[in-house]
Amino acid sequence: MTSSPRPASLARKALPALVLTGTSIGLLTQLDRAGHASPNGGLAVPGTTATPSTRAPSTTSPSGAASGLGRSAANPPTTTPPASAVPATPTSCTNNPVSGPAIMTRFGPVQVTAQLNDDGTLCDITTATGPSDDRRSMMINTRALPVLRLRALQAGGTGFQAVTGATLTSQGYRASLQAILDA
Amino acid sequence: MAHESALDRTDAWPPPAPAPLAVAAGPRVLPSDIAAALAAYTLLLFGVWAIHGGASDLTANWHQGWTSITRISGLLASGAGLLGLVLVARPRPIERRYGLDRLFIWHRYLSEAMALALGVHVAAGVVAWSDGGYTSAVADLTGRAPYMAGATVGALLIGVITVLSLRSMRRRISYEAWYFVHLTAYLAFAISFSHEIVVGTDLATDTLARWAWIGLHVAVAVALLWGRWGTLARAATRPLRVASVVPQSHDTVSLTLNGPDLADLPADAGQWFLLRPLRRGLWWQGHPFSLSAAPSTFGLRFTVKDRGDATASMARLPVGTRVIVEGPYGVTTPSALGHDKIVFIAGGVGVAHVRSLLERLDQRSEPVVLYRARDRGDLVHLEELQALCRGRGGRVLVLLGRTSVLAGRDPFAADALRQAVPDLRQRTAIACGPESLVQAARRGLIDAGVPSDRIHFEQPWW
């Protein structure tokens, strides 16, 4: 019998690929911080990581996003997340709400109503109208609008980051709010 | 004993007079079909982007502009990747026109294009979301936003595969290790898919576009399963057996395969097959080998040179071993050459290709074979080549010597070729052998004035 050299085994050749696959799946589970349904859709407000308390209330009410889907986006009071999500916000704003203009986006109008403090700074924002031309938009907006409110209140104005996946709504939101602040 | 029963079957098998096998037939794409399909596909990708305001967004403002770039580069990256996968499914109409080796070369080009577009997509995406700061954008895009963790890991995987596919890296790892790592691209496609249809503006906001996109992915997946794994499964149900192993030189053997299912297999001289012997360590990988005799009901003959690794074991297969045969592949067949006069330039096992083609060429071809080898001991099938050439009014010219010894006088320089074959420019040229030989021959032939559409070369890809 000739002693043929044994070809490299399948297992050894496939090892690097298997390691890479395992690493990828591990990394995937580590990176994905958006998996849990929370009122702000897992999108943390900038700075949230430094103040974990802002995130805690969100995760304790996981039904928020789900029930939000059933609501009309044009029904503003119910889309407002619990005030506790923004600790910096006073529990009551006394001044009269001011409505901004309805900003047309490709997916429908966006209009916000804001209450200002006496010094002209933002106290609270509600969404008067959110785009709702189809199911997709509603899904985006029930997730995006609460996040936009949080970000606007934290930024104290329109200098906040757009919500990933809801660019146009973010722009409409900014524009409507800016009009109130400029007035 | 297993071998005896196998021999019984093969002994009973060869019919008295070998007849040629049927030639693979079927539709072949036209270059204009491919151009039209590519144009329509590209137009669709740009169209989806444009009807959602992609073009006007470019100049709208900084944020929308970068978002728009992110969108189109993402669509193009996926688009190129999907086309690359279509080629891996080995679509027969394209293979019959261009040959499987070209399909794999295009697969590489499309993958490079995908990696490039993906780089732009990722960079533009980070810039587009950076109005809250780059740290926040990166945090959002790497997993804080829904569905983005998968996209991030998918992009990282494509990045790893791209780096490992660079020529300098590719040489340092074994083919098989690279091959398996590069299969993780399937995982990358799968885990990044959801962000395309949920976050991607063009697809998330347009039901029709979204379903078309999903449909496209399903179609490509089906094509892959059918074309890649379905054909392998069918080939596995009708394996051939090793009928004989004949030494041809110190490191080369010829291997004849036949079996009851041979008659169902179409094949033509000049084509090649992927062989997968059902032996430990060999079954999981197909190896390309050219036919070294015109295929007939007597069997398929291949010439196998021991180049280490798997080919070493291939050269030592016991008679009776079952071999899964996938093919035929390749387009340099006698019908493609017509009645042209032919010049072959061959080296190494590339001579197998020449040997099988010669058998089916007629007197008008007056074949000239330039056979390059390091030394006399490396020559295989020389007498067969000489006999076949004599019968067709042609001749074999042998060029011996190590490349280092020949340095300074390129055996395939235009002058050398013209001197060896005075009517070179009236001939169709076929180059086969190692990549360096084929490239050198191609350069020389073009310099000598042979039109490039009359230079044929195929390289089963390793």
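Student: Why is the crossing of H4(B) and H11(B) called left-handed?
Tutor: A crossing is left-handed if the near helix is turned anticlockwise from the far one by less than a right angle, and right-handed if clockwise. H4(B) passes H11(B) in the left-handed way. This is a predicted model, in which local features need pLDDT of at least 70 and side-chain atom pairs count only at pLDDT 80 or more, while totals for chains, interfaces and linings use all residues. Residues are numbered from 1 along each chain as its sequence is written, chains are lettered from A and ligands numbered from 1 in the order in which they are written, and side-chain values use heavy atoms, without hydrogens and water.

Student: At what angle do the axes of H4(B) and H11(B) cross?
Tutor: The axes of H4 (residues 62-88) and H11 (residues 185-198), both of chain B, cross at roughly 140° and come within 12 Å. Axes are lines fitted to C-alpha atoms, for helices over the stretch in contact, and angles run from 0 to 180 degrees between N-to-C directions.

Student: Which residues make the contact between H4(B) and H11(B)?
Tutor: Contact means heavy atoms within 4.5 Å. H4(B) contributes B:Ser78, B:Gly81, B:Leu82, B:Leu85 and B:Val88, and H11(B) contributes B:Tyr186, B:Phe189 and B:Glu196.

Student: What makes H11(B) largely enclosed by the rest of the structure?
Tutor: Buried means under 20% relative accessible area, exposed over 50%, and partly exposed in between (1.4 Å probe, protein chains only). In H11(B), 10 of the 14 residues are buried, and therefore this helix is largely enclosed. Among them are B:Phe189, B:Ser192 and B:Glu196. H4(B) is mostly covered, with 21 of its 27 residues buried.

Student: How do you know that the length of H4(B) is close to the expected one?
Tutor: The expected span of a helix is 1.5 Å times one less than its number of residues. For the 27 residues of H4(B) this is 39 Å, and the helix reaches 39 Å from its first C-alpha to its last. H11(B), with 14 residues, reaches 21 Å, close to the expected 20 Å.

Student: Where does H11(B) bend?
Tutor: H11(B) bends by about 35° at B:Ser192. The bend is the angle between axes fitted to the seven residues ending there and the seven starting there.

Student: Why is B:Arg442 called partly exposed?
Tutor: B:Arg442 has 30% relative accessibility and therefore counts as partly exposed. This residue lies in H20(B), residues 435-447.

Conventions. Helix = DSSP H or I, 4+ residues; strand = E, 2+ residues; numbered from the N terminus.
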